[in-house]
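I opened this notebook to keep track of what I looked up in the structure. The entries follow the order in which I went through it.

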Amino acid sequence: MLAPLILFAFSHIASANAQHAGDQVIPEVHPKITIQQCTAPRSCQTLQREIVLDANWRWLREAATPNGYNNCIGIYSIWYTRLCPNPTECAKNCALEGAQYIGVLFSKVKMQGLTLRFVCSDSYSNTLVHVGVSELLPLGVDSTYQTFDLNNQEFSFDVDASTLTCGFNGALNFVKMDKDGGMSRYPGNQAGARFGTGYCDARCPRNLRFINGEANVVGWEQSEPRAAVQDGWATGQYGFCCSEMGIWKANANATAYTARVCRAGEQTRCLGLNCGEEPDGIYQGVCDRDGCDFNSYRLGNPSYFGPGKTVDTQGKITVVTQFHSPGGNLSEIKTLLHSKRPCHQQRLLNHNSISDKYCQAQKTLFGERNAFAAHGGLKAMGKAFQSGMVLAMSIWDDPESDMLWMDAKLPVDRDVSIPGVTRGPCTVSGYPDILEYDAQATKAEVTFSNIKYGPIGSTHEIQGI
Ligand SMILES: *[C@@H]1O[C@H](CO)[C@@H](O)[C@H](O)[C@H]1NC(C)=O
Ligand SMILES: *[C@@H]1O[C@H](CO)[C@@H](O)[C@H](O)[C@H]1NC(C)=O
């Protein structure tokens with residue numbers, strides 16, 4: 001341990017104060033992956049990229065270490081008040097440590113893809129088992145996130161979600177976060193994209209430890225009755241909002257793809273009703289948290305997606321998502337799924353894609369207000385892409401609503417005969433306190449591979465789609 005300590009002392013003297021980059025114990029070495037940029041099928045250029053772990057899932061420790069490495073936030077997500085008496089002091093006093101990628105977060109990383117594990121044992125963190133959400137964000141060449149404009153483009157990848165049972169979720173999303181992780185805008189953030197800072201999404205997550213270079217310590221509390229969740233699901237007063245295109249949220253039993261937009265063009269810190277939480281904030285938030293989703297089970301076809309079904313989740317599935325923007329305005333998002341068996345895209349409610357018309361028809365059928373339209377609809381989603389969105393891959397369970405919104409029924413007290421209530425076949429609860437201690441959690445993983453993007457029709461040669 002001597003060498004890292006000497007290095008650390010040096011870097012502490014040299015660095016300015018604020019939410020530091022602190023990979024002194026664990027060097028931050030980003031795993032490499034490749035992404036294909038295509039112009040036509042079989043005509044793709046290979047881009048070398050790196051993957052970085054979201055800052056929220058890292059060891060956050062005291063930047064100065066005269067007496068060893070103290071936690072800034074410890075087990076059950078409790079802030080250490082000596083180091084974090086307020087948002088700015090905390091940013092000054094704390095450093096983000098490097099992440100242990102291979103063998104901990106991933107079981108495998110190949111150039112063409114990666115396998116994200118659900119349960120991670122992290123020997124450097126006080127929290128022995130690291131469970132829950134982990135977002136992984138690809139970096140471009142200059143240690144900023146790679147951004148994508150998918151207007152008039154398609155994005156495709158292969159995914160194996162066969163071990164993700166009810167309650168789990170392996171996701172691939174685009175989010176409108178700052179390309180540099182917020183480093184240039186917020187002097188309190190000196191770690192930046194290299195340490196995975198700046199994540200936001202349209203649910204305006206309040207479990208983020210840092211937003212805009214300040215610690216989210218004010219109003220930080222365990223959300224009861226979840227206190228036993230080992231990694232600690234806690235929330236602060238602020239949330240962090242930005243538009244989000246969930247092109248793949250799924251386990252082996254259920255899936256939905258969802259567009260969610262926000263009134264603000266860029267990422268925004270929210271407080272109170274602005275965070276859009278139920279019941280009062282739902283139509284007042286910066287973002288539309290529900291969004292417009294396409295879930296074939298919810299739309300009335302229970303035999304489309306799942307083990308042994310039309311889209312067979314027992315093996316690898318190819319997911320192709322097309323963003324049609326004639327004249328520059330995004331008007332249709334179409335997702336095509338292809339598994340071992342040839343399959344056709346569902347036509348449900350007379351639609352086989354997300355469009356503003358589909359969203360209205362779906363909201364009417366489900367008896368919901370169309371907050372998606374009120375927040376700008378598909379055009380707003382297209383605009384968010386125009387200035388670039390960041391790709392985030394994750395594996396997670398859901399301490400807020402047990403994943404019921406995707407794979408079971410919600411609201412739980414509503415009759416299942418009402419359209420839109422049943423979203424998937426799951427009946428067992430996705431309650432994290434049960435899931436995380438179940439043997440299945442140790443097997444849960446998701447593999448994303450063969451990531452490609454380019455003009456519509458350029459990324460695959462699957463007949464009939
Ligand atoms: C795109 O949106 C702009 C702004 O609302 C509008 O002026 C334009 O006509 C739209 N283009 C098309 C092709 O619909
Ligand atoms: C969910 O998928 C798993 C894995 O294939 C399967 O064993 C289980 O029976 C499915 N559950 C439901 C409720 O369909």
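Before the ligands, I noted one cut-off: a polar contact is a pair of N or O atoms within 3.5 Å. I also noted that this is a predicted model.

**Entry: ligand 1**

I looked up which residues surround ligand 1, and found Pro326, Gly327, Asn329 and Lys379. Sorted by class, this shell holds one nonpolar, two polar and one charged residues.

In asparagine 329, an N or O atom of the side chain is 2.4 Å from an oxygen atom of ligand 1. For lysine 379, the distance from a side-chain N or O atom to an oxygen atom of ligand 1 is 2.3 Å. I wrote down the cover as well: the protein buries 31% of the 360 Å² that ligand 1 exposes when taken alone.

**Entry: ligand 2**

I repeated the search for ligand 2. Around ligand 2 I found Asn253, Pro307 and Pro425. Asparagine 253 has a polar side-chain atom 2.5 Å from an oxygen atom of ligand 2. Taken alone, ligand 2 exposes 370 Å², and the protein buries 53% of this area.

**Entry: disulfides**

How many disulfides does a search of the whole structure find? I got nine. As a reminder to myself, a disulfide is a covalent bond between the sulfur atoms of two cysteines.

I followed up one of them, the disulfide that joins cysteine 72 to cysteine 94, with an S to S distance of 2.0 Å. It links distant parts of the chain, 22 residues apart. Cysteine 72 sits in the loop between strand S4 (60-62) and helix H2 (87-93), while cysteine 94 belongs to strand S5 (residues 94-96). I read an angle of -100 degrees about the S-S bond, and the link is left-handed.

**Entry: confidence**

Last, I looked up the pLDDT values. The protein chain has a mean pLDDT of 85, and 87% of its residues reach 70 or more.

Which elements have the lowest and the highest mean pLDDT? Helix H1 (residues 2-14) has the lowest, 27, and helix H5 (residues 377-386) has the highest, 98.

I also marked two stretches of the chain. Over residues 122-131 the pLDDT stays under 50, and the model gives this stretch 30 contacts beyond four places in sequence. Residues 225-230 also have pLDDT below 50, with 22 contacts in the model beyond near neighbours in sequence.

Note on methods. Residues numbered from 1 in each chain as written. Chains lettered and ligands numbered in written order. Predicted model: local features only at pLDDT ≥ 70, side-chain atom pairs only at ≥ 80, totals over all residues. Heavy atoms only, no water. Near = heavy atom within 4 Å. Polar contact = N/O pair within 3.5 Å; in protein donor to acceptor, adjacent residues only side chain to side chain. Areas by Shrake-Rupley, 256 points an atom, 1.4 Å probe, with all protein chains shown as cover. Nonpolar A, V, L, I, M, F, W, Y, C, P; charged D, E, K, R; others polar. pLDDT = per-residue confidence, 0-100. Helix = DSSP H or I, 4+ residues; strand = E, 2+ residues; numbered from the N terminus. Contact = heavy atoms within 4.5 Å. Disulfide = S-S within 2.5 Å.
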